[in-house]
Amino acid sequence: MSSVSHANNYCPAEIMVAFLSRDFNDSELGVIGAFSQIPWCAIRVAQALHAPNLWFVCGPSASVNSKYEKLLWSTTDYRLHVGAESRISLDTVMDMQGNPRFIDFGCYGGFQIDKYGNLNMAFIGDQKKPKFRGPGTVGIMATAWLRRSYIFTHFMSPRLFVEKVDFISGPGFMDGPGGREKIGSPSYSEGPRYVVTPIAIFDFDEETKVMRLKSVHPGHTIEEVKSRMGFTPIIPDKVPETEPPTEVELELIRSFDPDRLLPLLVR
Amino acid sequence: MESCGKKRKSKVLPLEEAAKLVEDGMMLGMGGCNSHMGPSAFAREIIRRGVKDLTIVPTNNTGYQTDILLGAGCVKSIYISYVGLDYIGPAPNFRRLAETGQLDIVELDEMGLLRGLKASAAGVDFFPLPGGIMGVDVVKLNPEFFKTVEDPFTGKKVVVVPPIRPDLAVIHVSKCDAYGNGREAGHVQDLLHFASNKVIVTTEEIVPLEDTMANYTDVTIFGRLVDAVVEVPYGAHPGECHGCYQMDEAHLKKYQKAGRDETTFKAYLDEYVYKAQNHEAYLDKVGIAGLLSTLTYHKGGKNE
């Protein structure tokens with residue numbers, strides 16, 4: 001095998017970008033939402049390195065294949081239109097999200113994520129007087145029917161990774177095996193594939209649909225991962241280290257982020 | 001050829017006159033996507049008029065332009081998919097009023113909200129949603145809005161939503177002519193104006209009809225549906241207006257801080273809305289330095 005040179009001076013968001021970018025395939029169509037700096041970079045890196053025919057839509061601005069030169073805080077920013085190949089209307093974004101012919105993957109988050117990959121963006125407690133009021137479900141209901149989805153987070157804590165979400169905004173595997181079928185989710189829709197965090201990556205056990213530790217980023221431990229979660233994920237006997245960004249990947253990531261927003265994302 | 005001798009009627013109104021079209025208790029459609037392209041100056045004007053008991057229907061995601069109406073006590077009920085200030089963080093009045101039980105929130109998601117508007121625009125009695133929506137808890141929370149019917153073709157269960165038809169929609173664009181032909185420079189949120197009974201367009205600039213005709217493929221707002229056109233430079237401030245200026249991040253942070261508490265928010269409203277008795281006075285209050293700080297597409301600014 002060729003010896004790939006890995007970087008060691010990357011920040012947490014950069015290893016997340018590298019991991020995601022490798023999983024986006026040529027000729028696919030991806031969609032990203034607001035506050036999606038990590039997925040935006042991952043798509044740009046994938047397009048540059050191995051997927052020149054990858055298409056993407058920034059959900060809030062509905063700009064298509066924006067080539068804007070650098071990462072911005074907001075995916076609604078007009079500058080993403082300046083570098084775009086086209087734009088679609090909000091109405092068409094809805095058609096695309098609900099129709100299997102269109103979108104291959106989307107990247108989402110929430111203020112609560114549970115062991116089945118369900119996401120909450122709405123509220124905790126009684127809706128009429130919630131203990132915590134979040135911004136609302138937004139577009140993450142799309143996890144119900146997109147071909148696959150990725151969950152990403154900017155931090156890890158037991159309040160974020162909970163046994164059961166208070167409200168399902170974005171359906172993961174619902175209550176376990178068969179859960180997605182019960183809600184009428186289309187069969188082509190595989191559900192959440194990976195949960196990408198600043199210290200570890202998770203996938204979901206094929207049988208139980210419970211979140212499973214897939215790899216731990218260099219410099220972090222399984223114990224640390226467990227201590228920062230409100231439930232215990234499946235932990236296999238052998239958990240590898242996450243592959244760091246290669247030198248080439250890191251150089252590309254930074255070329256898309258000259259203002260260095262990525263290091264500011266992870267607390 | 002003889003002409004009829006009558007002139008085509010201009011729809012141009014001053015901001016103060018257009019704001020009078022908003023009546024207490026109306027369902028008001030608010031344009032913009034989070035704090036981008038929001039009709040912010042219009043929102044401040046209806047606050048000055050003391051409008052009450054509105055039901056707010058945002059195009060989709062909403063921010064400052066709606067949150068300020070909530071904080072000023074103009075709103076009885078709000079349909080939501082998202083209320084927030086983009087990367088700045090939570091919409092402060094929305095969060096505070098919700099957490100103290102003072103807000104009636106119709107908890108929706110983008111698909112439910114936009115398909116309700118779509119049903120209205122298309123003139124149909126309901127609109128079906130894709131399978132899988134039953135897994136989203138908005139369906140359980142709103143049994144009056146999300147109903148399950150049998151698909152007459154396949155026999156499968158399908159969730160449907162009713163039309164949402166605002167009495168009046170207000171949207172902000174960068175360019176519009178006197179007849180209501182408006183252009184959205186960035187994202188296209190034309191659905192709201194097709195779904196509403198009346199439409200007010202606020203615009204950075206009223207352009208001559210010739211300018212519209214020279215750029216007619218860019219027109220996204222159908223002038224026939226528009227009741228009033230209002231020229232309001234910096235009308236989306238402190239939000240972004242695509243193609244014109246960016247978000248005034250410093251002002252939005254100040255706004256967010258003020259909105260966390262009822263007393264400090266009253267002081268904010270006094271300073272920027274009540275004592276600044278019209279849009280010009282508001283812009284004076286913000287100041288030239290503040291306004292220039294938003295012109296960062298080419299130089300300066302946080303991302304540059």
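Select helix 1 (residues 12-23) and helix 2 (residues 37-49) of chain A, which pack at an angle of about 50° with their axes 8 Å apart, and are therefore oblique to each other. Angles under 35 degrees count as roughly parallel, over 145 as roughly antiparallel, 65 to 115 as roughly perpendicular and the rest as oblique; axes are lines fitted to C-alpha atoms, for helices over the stretch in contact, with angles from 0 to 180 degrees between N-to-C directions. Helices (H or I, at least four residues) and strands (E, at least two) are DSSP runs, numbered from the N terminus.

This is a predicted model, in which local features need pLDDT of at least 70 and side-chain atom pairs count only at pLDDT 80 or more, while totals for chains, interfaces and linings use all residues. Residues are numbered from 1 along each chain as its sequence is written, and chains are lettered from A and ligands numbered from 1 in the order in which they are written.

Next, show the side chains between the two helices: A:Ala13, A:Met16, A:Val17, A:Leu20 and A:Ser21 of helix 1 of chain A meet A:Ile38, A:Pro39, A:Cys41, A:Ala42, A:Val45, A:Ala46 and A:Leu49 of helix 2 of chain A, contact meaning C-beta atoms, placed from the backbone, within 7 Å. These residues divide into 11 nonpolar, 1 polar and no charged (Ala, Val, Leu, Ile, Met, Phe, Trp, Tyr, Cys and Pro count as nonpolar, Asp, Glu, Lys and Arg as charged, and the others, Gly among them, as polar).

Now turn to the open sheet of chain A, whose 9 strands follow the order 4-3-2-1-5-10-12-13-14 with mixed pairing (two strands pair if DSSP finds at least two bridges between them). At the edges stand strand 4 (86-87) and strand 14 (211-216) of chain A, each with a single partner strand, so one side of each has no neighbour in the sheet. Within the sheet, strand 1 (residues 29-32) and strand 5 (residues 105-108) of chain A run parallel, joined by 3 bridges; A:Val31 has A:Gly106 of strand 5 as its bridge partner.

Bring the helices back into view: helix 1 of chain A lies across strand 10 (148-152), strand 12 (192-196) and strand 13 (200-204), at about 160° to strand 12, whereas helix 2 of chain A lies across strand 1, strand 2 (55-58), strand 5 and strand 10, at about 155° to strand 1.

Finally, select chain B, where 49 residues are in contact with 43 residues of chain A. The largest share of this side of chain B, 5 residues, comes from helix 5 of chain B.
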